[in-house]
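Please open the model in your viewer and keep the selection tool at hand. The tour below moves from one selection to the next.

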Amino acid sequence: MAGSEDQKFSLQEVLDTFKLCLSENKEVYLEQYVAGWRGLVKFLNSLGSVFGFISKDAVSKIQILVNYMNGENASHYATVQSMVKYELDNNLVDVNKKGSHPESGCRTLLRLHRALRWLELFLDRLRTSTEDSKTSALCAEAYNESLAQHHPWMIRKAAGMAFLVLPGRQTFFEVMNVGPPEQVVAKLGEALPLISEVYQITEDLYAQHNMLDLP
């Protein structure tokens with residue numbers, strides 16, 4: 001078992017990782033993207049089992065991508081852009097919605113991409129929240145604006161229940177491990193534009209190839 005130190009979430013670490021995510025010509029490095037997600041999984045897990053339904057899924061998706069990044073075609077999985085090109089050129093993506101490539105890198109990343117949007121919206125709401133803001137409401141709003149649209153009713157219902165038992169704003173800020181609330185707010189202010197940019201570049205790329213609804 002890894003020590004608890006390995007499990008500790010650090011907002012700074014996620015910030016640093018997303019900073020390294022983009023190449024000079026705005027390609028998204030998969031290795032950094034996955035590393036950023038590992039940090040976000042730690043964040044979800046540090047809040048207890050509430051977000052288990054998201055973090056477990058994220059962990060399995062990360063593993064699929066890691067297998068590609070370490071596999072025989074690793075060179076094609078250096079960036080999101082190279083992966084999209086390679087998989088589309090070789091008909092490895094289920095563009096016809098037949099479910100024939102459930103484990104393609106493109107589909108796998110899309111699932112993480114959608115969840116990233118939810119986290120981005122939620123963290124932004126936390127950043128602009130006040131002491132008496134209810135985290136359950138902030139989280140539910142962010143979820144309804146993003147992931148909920150892609151989840152079946154049962155999962156949406158479970159998520160709604162899970163959000164009700166979220167800890168307060170103070171706990172979230174402590175979990176970030178960056179100091180007092182005003183520092184957390186400042187750090188989130190730095191991190192969110194980076195996450196947002198990575199999200200937007202991926203979103204535009206997927207939109208361009210009509211892949212935002214891969215089954």
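Begin with α6 and α10 (181–208), each of which supplies at least two residues of the lining of the second largest pocket; helices here are DSSP runs (H or I, at least four residues), numbered from the N terminus. The model is predicted, so local features need pLDDT of at least 70 and side-chain atom pairs pLDDT 80 or more, while totals for chains, interfaces and linings use all residues. Residues are numbered from 1 along each chain as its sequence is written, and side-chain values use heavy atoms, with hydrogens and water left out.

Next select R117, Q149, H150, Y199 and E203, which lie nearest the centre of this second largest pocket among its 13 lining residues. A pocket is an open set of points on a 1 Å grid over the protein atoms alone, where a 1.4 Å probe fits, with protein on both sides within 12 Å along at least five of seven lines, and lining residues have an atom within 4 Å of a point. The largest share of the lining, five residues, comes from α6.

Now move to the largest pocket, and select D57, K61, R111, L147 and H151, the closest to its centre of the 15 residues that line it. Here α4 (52–69) and α6 (105–127) are the elements that give two or more residues to the lining.

Finally, select E13, V14, T17 and F18 in α2, which meet Q32, A35, G36, G39, L40 and K42 in α3, where contact means heavy atoms within 4.5 Å.
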